[in-house]
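I am opening my notebook on this entry, and I will write down what I look up as I go.

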Amino acid sequence: MTAFPSPSQGVWHLGPLPIRAYSLLMVLAIVVGVWVTRRRWAARGGDPDVVVDLATWAVPFGLVGARLYHVATDWRQYFGPGAEPLRAFAIWEGGISIWGAVAGGALGAWLACRRRGIPLRDFADAVAPGIALGQAIARWGNWFNQELYGRPTDLPWALEIDAAHRPAGMESTATYHPAFLYESLWDLGVAGLVVWAERRFHLDRGRTFALYAAAYTTGRAWIEWLRVDPAPLVLGLRLNVWTALLALGAALAYLTLTRRRPAGTPGCTSIGA
């Protein structure tokens, strides 16, 4: 049986300083996202340097939101019987969520856009492909951490997981669906779809971002369904599946409600500096 291995480690120490693969990939994801957004913002007639200013708000808010969502949805790990509440601040131990990252980042971007007089929906359209590309890059951090894998499989592209990282009850099963890889490839496809559709259908006024949200959550729902790691359940489904479905519904509703409104009608605002 063929399979590809997981890295033997995801942390290296430079003296007392731990260098984490996940952190490096997160930084790379942010850099790529900002670079793509700068180019897209400039192409729309905006000042590309504004993107860096907005990112200094969106990124910290996104990191806080990512951690808050994780702690809120897995609160027993931090506030249940015998738990240590201060571990809720130990983000270096892992535990962040893309749902909270997008929500927190959106709040930070909204605050920064208000300061600059920039319509948030215009900026959201510019940043959409960059977010998808950043997600595709950051997901490889899960490979180094041997996490975000799916059900057992013997497919040729199965992922080998070390015994220490296997789920309870599956200690003798070595290979699993590489869910992180599925999501990374899906995100690359989402980025391409968004750029193509924006040009083909002249999407604007937040519709590009809504398409990104609809496409991403469609993939995230079935990838989340594959996962076997412990997670809160609601009506028999993982909480993140419900989150994906709700976000998908909201994105589709926005696309539907704005589909017949031509560009340039009252309420559409041009990009500010």
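Which residues does Val-194 touch, not counting residues up to four places away in sequence? I looked it up and noted Ala-128, Pro-129, Thr-208, Leu-211 and Tyr-212, where contact means heavy atoms within 4.5 Å.

Before going on, I noted that this is a predicted model, in which local features need pLDDT of at least 70 and side-chain atom pairs count only at pLDDT 80 or more, while totals for chains, interfaces and linings use all residues. Residues are numbered from 1 along each chain as its sequence is written, and side-chain values use heavy atoms, with hydrogens and water left out.

Helices here are DSSP runs of H or I with at least four residues, and strands are runs of E with at least two, numbered from the N terminus.

I then turned to Glu-198, which is found in helix α7 and counts as buried (under 20% relative accessible area, with a 1.4 Å probe and protein chains only) because its relative accessibility is 11%. Glu-198 touches Arg-40, Arg-44, Asp-125, Leu-203 and Thr-208, again leaving out residues up to four places away in sequence.

How values were computed. Buried means under 20% relative accessible area, exposed over 50%, partly exposed in between (1.4 Å probe, protein chains only).
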